[in-house]
Amino acid sequence: MFIDSHAHLEGKRYDDDRDAVLARAKEGGIEAYLAIGNGEGPDTADCGIRLAEKYSGKPEYPKIWASVGIHPHEAHLANDAAYSRMEQWARHRKVVAWGEIGLDYFYDHSPRDVQKAVFLKQMELARAARLPIIIHCRPSDNSENAWDDCLGMIAEQWTSSGLGGILHCFTGTVEHARRGLDLGFMISFAGNITFPKAQNIRDAALIVPLDRMLIETDSPYLAPIPHRGQRNEPAFVKEVARQVAELRGVSAEEIGEQTTRNFYRFFKLDERTESGDPRA
Ligand SMILES: [Zn+2]
Ligand SMILES: [Zn+2]
């Protein structure tokens, strides 16, 4: 039993075989995934909701929950009309989180001051919507700049909400993981934990308590070894579990079960049904 806590399957790369990708996941023991609602920008941030609706009540596919949010790459597209649309979408019964949101100083697709303002505004909206946040944080090369800004903004603007969040696709150091845990966050590991150069990620995975950990694919990106370079898909989340299991000296099934429990507990979902409400 495994859950992929973060994937983007709405894109064209899955248009030809999305049903097959999801059926393969279910056959492989992936019982649910969180459909991230960034789309190609705020106009299409309901993409996760659409997928969750489309596959709802079909036992041959994983259960799907959704998020809504403006990715830091598209922060320059945010405006009041977009925010009010997203406030509406956030009330949808399948939406369990606001994200991914945060800071990306590696690509700098939006100016950093704009990224910060849009991140801050979305923390306000998430607080009003009573939803936890999913954080994307990527510093520029050989720097910790985005971590310092991001964790600082969370400490100042978010932790008092008590709603918590997830550091998704964790790529920081042990120190960043500790700071995230201290802020009450869950830490989610992705396929890049299997990459030879990612010793810092494996070091972090050793100190994160198992009840604070999630696993994800971030499909279509970052396919784990032995699928590196291919299009990623939720079934591959088992490779992430396998790597964490090897580090921790437990079985991949144990990591799958623990992270599945964590997912349901964190989002306050009922695992027997597709219902549940993190706002409750
Ligand atoms: Zn991300
Ligand atoms: Zn993502």
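The charged end of R112 sits over the ring of Y105, 4.3 Å from its centre; here that label needs NZ of Lys or CZ of Arg within 6 Å of the ring centre and within 35 degrees of the ring normal. Welcome to a predicted model, in which local features need pLDDT of at least 70, side-chain atom pairs count only at pLDDT 80 or more, and totals for chains, interfaces and linings use all residues. Residues are numbered from 1 along each chain, chains are lettered from A and ligands numbered from 1 in the order written, and side-chain values use heavy atoms, without hydrogens and water.

**Rings and charges**
- R228 also places its charged end over a ring, that of F195, 3.5 Å from the centre.
- There are nine aromatic pairs in the structure (Phe, Tyr or six-membered Trp ring centres within 6.5 Å; planes under 30 degrees apart are stacked, over 60 edge-to-face, the rest tilted).
- One of them joins Y55 and Y61 edge-to-face, at 4.8 Å centre to centre and 75 degrees between the planes.
- Both Y55 and Y61 are buried (under 20% relative accessible area; exposed is over 50%, partly exposed in between, with a 1.4 Å probe and protein chains only).
- A single aromatic cluster takes in W65, F263, Y264, F266 and F267.

**Zinc site**
- E100 (OE), H136 (ND1) and H168 (NE2) coordinate the zinc ion (ligand 1) at 2.0 to 2.1 Å (donors are N, O and S atoms within 2.8 Å of the metal, or 3.2 Å for Na, K and Ca; water is not among the atoms, so sites may look incomplete).
- E100 bridges this zinc ion (ligand 1) and the zinc ion (ligand 2), which lie 3.6 Å apart.
- Both E100 and H168 are buried.
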